[in-house]
Each structure stands twice: as C-alpha cells, then as structure tokens.
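Work through the exercises below with the sequence and the 3D view open. Try each task before reading its solution.

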Amino acid sequence: MSSCIFCKIASGEIPSKKVLETDDIVAFHDVNPQAPKHLLVIPRRHIEKLADLNPTDIPLVGRLVVAAGEAARLAGMEADGYRLVINSGERAGQSVFHLHLHLLSGRDFQWPPG
Ligand code: 5GP
Ligand code: ZN
C-alpha cells in the first residue's frame, strides 16, 4: 500500500535499522522503543491487522513467529527473555495499520499488561 509507513520500510524507501530480512519478512528496531530492546517483525505484504488474516496465511504467520525468535537471538535478547505482542485495533493500542509483532526485552514486564 503506497501510503503505508511499514510498506515503505519493507521496501527500503524509508530507512530503518534492520536485523533480519527474508523473502517475505523484515525485522527492524522500533523508532520509539518501549524497552531497552524493541524490534518490530512485519510481513512485506500489506495486511492491516491480525483480524484480516485468513487460513491461507497460516504458513506466513508461522514464519513470522519463527522469524521473531530468530530476530530475538540476533539482537541478544535470549538471556533476558522477551515478550511478543500484537496490538490489533485502536483500543488495543494499534497505531500503524500494517500487521506487526512487537518484540520487547531488557526490562521487567508486568502481567497482566497495562
Ligand atoms: P502499534 O502502536 O501500531 O502497535 O505499533 C507501532 C509501532 O511502530 C510503534 O511502537 C512506533 O514507535 C513504531 N513506528 C512508527 N513509525 C515508525 C517508523 O517510521 N520507523 C520505525 N522503526 N518504527 C516506527
Ligand atoms: Zn503496509
């Protein structure tokens, strides 16, 4: 989608600090980190939100989660542990409407989340 900031990051039109790239997935540092280490893992394809996924996306979702684990390893998150979060919809905190997984590490996290 031409106006989407994460589509532009995926294509390289907008610069980002990437930690992992595959044919269909990119992981990069969040510009406004909410933890000492904060990555975003996105599909290159524009999917607005989790609720728009359908059964044909199951292989992609599997690759996204596996890529998140790999990005966590590359970013040195394994010793501390990490949290994987998807905000879906405005009330849940979604502000960029291109599906993304937040990968957060390097501090204590509350449960339940605030
Ligand atoms: P959401 O609130 O939609 O779950 O998360 C969107 C995330 O994207 C936020 O954590 C925000 O800091 C991050 N973000 C927004 N614009 C940019 C950008 O241009 N570059 C990067 N690297 N992250 C961004
Ligand atoms: Zn997009």
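**Exercise 1: the shell around the ligand**

Task: find which secondary-structure elements each supply at least two residues of the shell around ligand 1.

Solution. α1 (5-11) and β2 (25-29) each supply at least two shell residues; helices (H or I, at least four residues) and strands (E, at least two) are DSSP runs, numbered from the N terminus. The largest share, 3 residues, comes from α1. The ligand is surrounded by 16 residues, and the closest are D30, G93, S95, V96 and H102; a residue counts as near if one of its heavy atoms lies within 4 Å. Sorted by class, the shell holds 7 nonpolar, 8 polar and 1 charged residues. Here Ala, Val, Leu, Ile, Met, Phe, Trp, Tyr, Cys and Pro are nonpolar, Asp, Glu, Lys and Arg are charged, and the others, Gly among them, are polar.

The model is predicted: local features need pLDDT of at least 70, side-chain atom pairs need pLDDT 80 or more, and totals for chains, interfaces and linings use all residues. Residues are numbered from 1 along each chain as written, chains are lettered from A and ligands numbered from 1 in written order, and side-chain values use heavy atoms, without hydrogens and water.

**Exercise 2: polar atoms at the ligand**

**Exercise 3: the chain**

Task: state how many helices and strands the protein chain has, and their order.

Solution. Count 2 helices and 5 strands, then read the pattern α-β-β-β-α-β-β along the sequence. The C-alpha atoms fill a box of roughly 35 × 30 × 25 Å along the principal axes. Finally, the peptide bond from W111 to P112 is cis, with omega near 0°, and P112 is in the segment after β5 (101-105).
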